[in-house]
Amino acid sequence: MDIDLIKVLVVDDEINQSTGLARLISAWGYDVKTASDGLTALAILKTFDAHIVVTDLNMPRLDGKGLLEELRKQPSSPVPVVVTAFGSLETALETVHRLGAFWYIEKPIQSAALKMILERAAEKKMLMRHAGLLERELASRGAAGGLVGKSSAMQEIFSLLQQVAPTSATVLITGESGTGKEILAKAVHQLSPRRAGPFFAINCAAMPEALMESELFGHEKGAFTGALERRAGCFELAKGGTLLLDEIGDMPLATQSKLLRVLEERRVRRLGSAREIELDVRVLASTNHNLTQSIAKQTFREDLYFRLNVFEITLPPLRKRKSDIPLLTAELLQSLNQKHDCRVTDLAPEVAALFDAHDWPGNVRELRNVLERAVILCGSGTITAAHLPRTFAGRPEPADAGATLTLTLEPGITIADAERLLIELTLRHTGDNRARAAQILGISPKTLFNKLREYGDPA
């Protein structure tokens, strides 16, 4: 945590006490101000957005109890720490319990104890702030960290996300392929105290077994053939942040055993090294497999499953939350318009009906792919059925020959002539919109211009 961003207000009517505390706390990197009583503190807080208030109990005008009562009335109040003189421990405990102080510390103040309390109070304030931001985002947009939806299924996901993101718990994310498991993992990271740290994802299904241990744990120079230099693994690279073990259900059993040891001991040893490295990383895992079935088939370790499954979130398939499709479509269109420099506004009613009728076996990923194709073909305005794949949602082939242009190639035609026919056909399809035609053809506008000039069309 970057304590340079944390503001502390010290409230004490004894000037020497408040000045000495302020000097000490400032030396630890905090931004500090002082106040001589509760009323002065409330006035300062109007312009000094303190994260923590360290306050004495016995003060003139407005004492510590009165200050805490006023702070509790504020919607986003600082975290209060009570300073108490020797002999008033019972009063301090009562203040912590009744008025919601974070903790108390006795005079004379021990600097090590105060430093630890401030660090924990700062962490609590950051968690409170992230939770508040998430609540406001969910309420206003039905979205969080790239996840979108106002269905009851997604609201339950958002609720779970809000509860687990601020913690350090390991999260197991399950769901069908294309439901957005990595997006959810990134949301957990972005809404956590580790958000300023790195986010790393390693796909356990796409990597050869021989390379996986090196990618996860790192290696020393000469550890194996081809290890020409020392390399840090993902556990080290994600220090201070979050590591996602994507498709964990496809990890080989031998690697699972070594991963379990790392997770339990919170230490990692590079291949070829005798030295162990302390870990500072939050681990998330995701899979589209039913791991309980994998355990029964002896393809996944039961002890690793229980180690990863501290907190499970299962993303629902799109077919079970079709009410979210309009909101998802609006979000995706905005993103795809920006990506492809298009100005698509909405879907035609028949397209919306087709989307609602479709089962979406590829889930949100399939929806994005269908929309991306349609946005490129449409360019601007409303997406119609003509912009969708021909057989999407079981549609029959279009009866109107003019609705879809086709290219027929006869044996003996040269590649150059076939290329020219394809370019001319695409230009007719886009109404001579050359920028759009270049996008569809997968070439640059300059290349298309040069081709047309070769064909005798300098314009």
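Trainee: Are Trp360 and Phe392 buried or exposed?

Mentor: Trp360 is buried, and Phe392 is buried as well. Buried means under 20% relative accessible area, exposed means over 50%, and partly exposed lies in between, with a 1.4 Å probe and protein chains only. Trp360 has 0% relative accessibility, which is under 20%, so Trp360 counts as buried.

Trainee: What kind of model is this, and how are its residues numbered?

Mentor: This is a predicted model, in which local features need pLDDT of at least 70, side-chain atom pairs count only at pLDDT 80 or more, and totals for chains, interfaces and linings use all residues. Residues are numbered from 1 along each chain as its sequence is written, and side-chain values use heavy atoms, with hydrogens and water left out.

Trainee: What makes Phe355 and Trp360 an aromatic pair, and why is the pair called edge-to-face?

Mentor: The structure holds 5 aromatic pairs. One of them joins Phe355 and Trp360, at 5.2 Å centre to centre with 85° between the planes. Rings of Phe, Tyr and Trp (its six-membered ring) pair if their centres lie within 6.5 Å; planes under 30 degrees apart count as stacked, over 60 as edge-to-face and the rest as tilted. The value of 5.2 Å is within the limit and 85° is over 60, so the pair is edge-to-face. Phe355 is buried, with a relative accessible area of 1%.

Trainee: Why is the pair of Trp360 and Phe392 called tilted?

Mentor: Trp360 and Phe392 lie 5.4 Å centre to centre, with 55° between the planes. Trp360 is in the loop between α14 (349–357) and α15 (363–378), and Phe392 is in the loop between β18 (380–383) and α16 (415–429), so the pair ties together parts that are 32 residues apart in sequence. Helices (H or I, at least four residues) and strands (E, at least two) are DSSP runs, numbered from the N terminus. Ring pairs link Phe355, Trp360 and Phe392 into a cluster.

Trainee: What is noted about the phi of Trp360 and of Asn363?

Mentor: Trp360 has a positive phi of about 50° although it is not a glycine. Asn363, in helix α15, has a positive phi of about 60° and is not a glycine either. Most residues other than glycine have a negative phi. Asn363 has 0% relative accessibility and therefore counts as buried.

Trainee: What makes β3 a mostly covered strand, and which strands pair with β3?

Mentor: Strand β3 (residues 52–56) has 5 of its 5 residues buried. Ile52, Val54 and Asp56 point one way, Val53 and Thr55 the other way, and all are buried. Two strands pair if DSSP finds at least two bridges between them. Strand β1 (residues 7–11) pairs with β3 in the parallel sense over 4 bridges, and Val11 stands opposite Thr55. Strand β4 (residues 79–84) also pairs with β3 in the parallel sense, over 5 bridges, with Val53 opposite Pro80.

Trainee: Why is the charge of Lys33 said to sit over the ring of Phe48?

Mentor: The rule asks that NZ of Lys or CZ of Arg be within 6 Å of the ring centre and within 35 degrees of the ring normal. The charged end of Lys33 is 5.4 Å from the centre of the Phe48 ring, and sits over that ring.

Trainee: Which residues does Gln256 touch?

Mentor: Gln256, in helix α10 (residues 253–265), touches Met251, Thr299, Phe300, Arg301 and Leu304, not counting residues up to four places away in sequence. Contact means heavy atoms within 4.5 Å. Gln256 has a relative accessible area of 0% and is therefore buried.
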